[in-house]
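Hi there,

As promised, here is the structure we talked about. Have a look at it first, and then read on for what turned up.

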Amino acid sequence: MNYRQLGDTELKVSELSFGTWAIGGSWGKSDDQEALKGLERAMDAGVNFFDTADVYGDGHSEELLAKATKGKEDKIHIATKFCRAGDIFDPETYSEKSVTEYCEASLKRLQREAIDLYQIHCPPMEILKDGSVFNVLDKLQQQGKIRHYGVSVETVEEGLLCLEQANVKALQVIFNIFRQKAVTELLPQAKEKGVGLLARVPLASGLLTGKFTKQAKFEADDHRSFNKDGEHFNVGETFAGVEFSKGVELSEQLSWIADGRGNMTRAALRWILDHEEITTVIPGFKTVKQVEDNLQATVVQSFSEAELKQLSTFYKQEIHPNIRGAY
């Protein structure tokens, strides 16, 4: 496993890490024992960083991480998030009282004394412009409840705004072959300011695995069913904002990326890792097999300059016009 520095913090994290939304909920059926085995397999392979949130299964993914990392708290770093358990548009959600309560509840579920990276969970632009929440996070840091803080953002504009905050140490962004907008400004500026970058939705909710047909059906409690057109939260979180059947077509046209890399999953993750500004990529998983497949992305061959140029052109001409929602 290769490790990368999280911005200018002291944390060195595995370049391939894992998100825990899928094992918490909203991705159809999951099995806790399989999830724990997957976490164990990841740690055995050198993964030392996991991303979660208080709303993933109403805290269930945090509890699973507590079980999986018991006795390894000083070696395994955890990032969690807050604000979506409340009204994200209400300034009170970001008050010192509210944020402290969210933080302490996460600490209790995680069974930890401090959160390594505490992230605001996709707040509205107005909250970021107001900036009061950053003062609250400064206080939590001074109290020793969090080590560092960052923001999970939906748009490049939000990310650039967060870079103006001196103590923001990480940004979590939707970044994959379908979502390349961040390459131009956000990635280089984050690197310049010493801010780490976590790449989420790296497989476009599964589209970039190449495993779906247009006839694919998802369970009712899977966000790929209930949020496929952005009915419940930002459409970009589901299939990277591309309409599903169009996304299947586009992924079929990208099947060539698997050549020499085993499969599309590994290739899609490798593309992200080939951007040095990215600290870590955080695919989700529900099974040990998925963990093992994702881990292979760290050893498959990188993309050539010609291939990267081809993918950039394909994004601009074929994908960008089909992305819905602010990004």
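In which loop is D58 found? D58 is in the loop between β4 and α3. Please keep in mind throughout that this is a predicted model. The phi of D58 is near 50°, a positive value in a residue other than glycine. With a relative accessible area of 70%, D58 is exposed.

A240 also belongs to the residues other than glycine with a positive phi, here near 55°. A240 lies in the loop between α9 (223–226) and α10 (244–253). Its relative accessible area is 0%, so A240 is buried.

Next, helix α2, which covers residues 32–44. The buried residues in α2 are A35, L36, G38, L39, A42 and M43. They cover an arc of only 155° around the axis, which means that they sit on the same side of α2.

What do the buried residues of α2 pack against? Their partners are β3 (18–19), α1 (21–24), β4 (49–51), α3 (60–68) and α12 (288–295). As for the ends of the helix, D31 caps the N-terminal one, with a side-chain oxygen 3.0 Å from the backbone nitrogen of Q33. Just after α2 comes G46, which takes a positive phi of about 105°.

On to the rings. A search of the whole structure finds 13 aromatic pairs. In one of them, the rings of F82 and Y118 have their centres 4.7 Å apart and their planes at 25°, so this pair is stacked. F82 lies in strand β5 (residues 77–82) and Y118 in strand β6 (residues 115–121), so the pair ties together parts that are 36 residues apart in sequence. F82 counts as buried, at 0% relative accessibility, and Y118 is buried with a relative accessible area of 0%.

Another aromatic pair, F226 and F233, is edge-to-face, at 6.3 Å centre to centre and 90° between the planes. Are these two buried or partly exposed? F226 counts as partly exposed at 24% relative accessibility, and F233 counts as partly exposed at 24%.

Two charged side chains are worth a look alongside the rings. The charged end of R261 sits over the ring of F303, 3.7 Å from its centre. K181 lies over the face of Y327, at 5.0 Å from the ring centre.

Strand β6 also holds H121. H121 is buried, with a relative accessible area of 9%. Leaving aside neighbours within four places in sequence, H121 is in contact with A53, V55, Y56, K81, F82, C83, R84 and S152.

Q180 has its place in the loop between β8 (168–174) and α8 (186–192). At 8% relative accessibility, Q180 counts as buried. Which backbone oxygen does the side chain of Q180 reach? The answer is that of I177, at 2.9 Å. Apart from its neighbours within four places in sequence, Q180 is in contact with F175, W271, L311, S312 and Y315.

S205 is found in the loop between β9 (196–200) and α9. With a relative accessible area of 5%, S205 is buried. The side chain of S205 reaches the backbone oxygen of E237 at 3.4 Å. S205 and E237 are 32 residues apart along the chain, and their C-alpha atoms are separated by 7.8 Å.

Happy browsing, and write back whenever you like.

Best wishes

Terms used:
Residues numbered from 1 in each chain as written. Predicted model: local features only at pLDDT ≥ 70, side-chain atom pairs only at ≥ 80, totals over all residues. Heavy atoms only, no water. Buried < 20%, exposed > 50% of the residue type's maximum accessible area, 1.4 Å probe, protein only. Helix = DSSP H or I, 4+ residues; strand = E, 2+ residues; numbered from the N terminus. Arc of directions from axis to C-beta. Contact = heavy atoms within 4.5 Å. Polar contact = N/O pair within 3.5 Å; in protein donor to acceptor, adjacent residues only side chain to side chain. Phe/Tyr/Trp six-rings, centres within 6.5 Å; stacked < 30°, edge-to-face > 60°. Lys NZ or Arg CZ within 6 Å of the ring centre and 35° of its normal.
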